Amino acid sequence: MASGSPENRATTEAELREAATRGEPTPISVAGWLRLSLRVFLLVAALVVLVPLHYLYRLFAYGSPFPKLFLRFATAVCGAKVERIGVPLRRDVFFIANHVSWIDILALAGASGTAFVAKAELGEVPVVGWLSRLNRTVFVKRENRLGVAEQINSLREALADNWSVAVFPEGTVTDGHSLLPFKTSMLTVLDPPPPGVYVQPVMLHYGAIAEWIGWVGDESGLNNAKRVLAHKGRFTLQVHFLEPFSPGEFRGRKAIGTEARRRIEEALVAALGKPLRDYRYSVDPVRYKPPTPVE
């Protein structure tokens, strides 16, 4: 990063971020490459130690603690200092959260032990898919309408096993200052809800660094990972576990999604101290188009 006054550094970061959203690679300083290399080394070292312990534990008992330990460690290595606000339910809970970064997954799972609903394509990515399965991810094919019943059954089985399951119904990551419409197809598992299952909305707030962390526009995943892992210092990520509610009190998945989104929006506005803004990019999964600027 460029040296100079805080104002100049902020301007430079904003320019680099805008270039990244256009798909341009972000230049990284020598110090940035050293930070990135150290963080990657620490992540690999943690895997080398914890993965064999995980498989060894599974020979004797179910519910290995090692994936959660790795995720907590990985969150810290990536620079995030997690502040957990509120109390997550431990079992029979469906978390619904806003989505800013791939770090959300590390932080939310590390703070609660939850499994996730993820796109099937993620399961085919080398290493990432394997790590996701270690954390009991439920993979779904959004375009496979004929397989929706099978996918819902997978979610019901996950909840029946006393897992917590988390979804990001915006369909993509945003910039930390916006909140997209919720796609509620995967909330069908709650219509009707399994006995004893609650919904707990979760609001993730990165503060001033949200836009630097966010993976938006035409930026590649690799460039975003490099930017984040090369960033100097640590940043605070607040994970707000909001008041849970019974999905049985609402009529159908759309009403459940509307209530969860209302609570997340209210908490995000309070954390930002200002109204949310319109998201700048189209998001096909939720049929979102940015408003046309008024001339």
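Colleague: Which residue in β5 does Val93 stand opposite?

Modeller: Val93 stands opposite Ser164 in β5. Please bear in mind that the model is predicted.

Colleague: How do you know that β2 pairs with β5?

Modeller: Two strands pair if at least two bridges are found between them. Here 4 bridges join β2 to strand β5, residues 164-167, and the two run parallel. The pairing therefore meets the definition.

Colleague: How many bridges join β2 to β6?

Modeller: There are 5 bridges between β2 and β6, which also run parallel. Within this pairing, Ile96 stands opposite Pro201 in β6.

Colleague: How many aromatic pairs are counted in the model?

Modeller: The count comes to 7 aromatic pairs.

Colleague: Why is the pair of Tyr206 and Phe235 called tilted?

Modeller: For Tyr206 and Phe235 the centres are 6.1 Å apart and the planes stand at 35°, so the pair is tilted. The pair links distant parts of the chain: Tyr206 lies in the loop between β6 and α8, and Phe235 lies in strand β7, 29 residues apart. Both Tyr206 and Phe235 are buried.

Colleague: What makes Tyr279 and Tyr288 an aromatic pair, and of which kind?

Modeller: Their rings are 6.4 Å apart, centre to centre, with 45° between the planes, and the pair is tilted. Ring pairs also link Tyr279, Tyr281 and Tyr288 into a cluster.

Colleague: Why is Tyr279 called buried?

Modeller: Buried means under 20% relative accessible area. Tyr279 has 4%, so the term applies. Tyr288 has 13% and is therefore buried as well.

Colleague: Why does Val40 count as partly exposed?

Modeller: The term covers values between the 20% limit for buried and the 50% limit for exposed. Val40 has 35% relative accessibility and therefore counts as partly exposed. Val40 is found in helix α2, residues 30-58. It belongs to a nonpolar surface patch whose members include Val44, Leu53 and Phe60. Together the residues of the patch have about 790 Å² of accessible area.

How values were computed: Residues numbered from 1 in each chain as written. Predicted model: local features only at pLDDT ≥ 70, side-chain atom pairs only at ≥ 80, totals over all residues. Heavy atoms only, no water. Patch = residues over 30% accessible without salt bridge, like charges linked within 9 Å, V, L, I, M, F, W, Y side chains within 5 Å. Areas by Shrake-Rupley, 256 points an atom, 1.4 Å probe, with all protein chains shown as cover. Salt bridge = Lys/Arg side-chain N within 4 Å of Asp/Glu carboxyl O. Buried < 20%, exposed > 50% of the residue type's maximum accessible area, 1.4 Å probe, protein only. Phe/Tyr/Trp six-rings, centres within 6.5 Å; stacked < 30°, edge-to-face > 60°.
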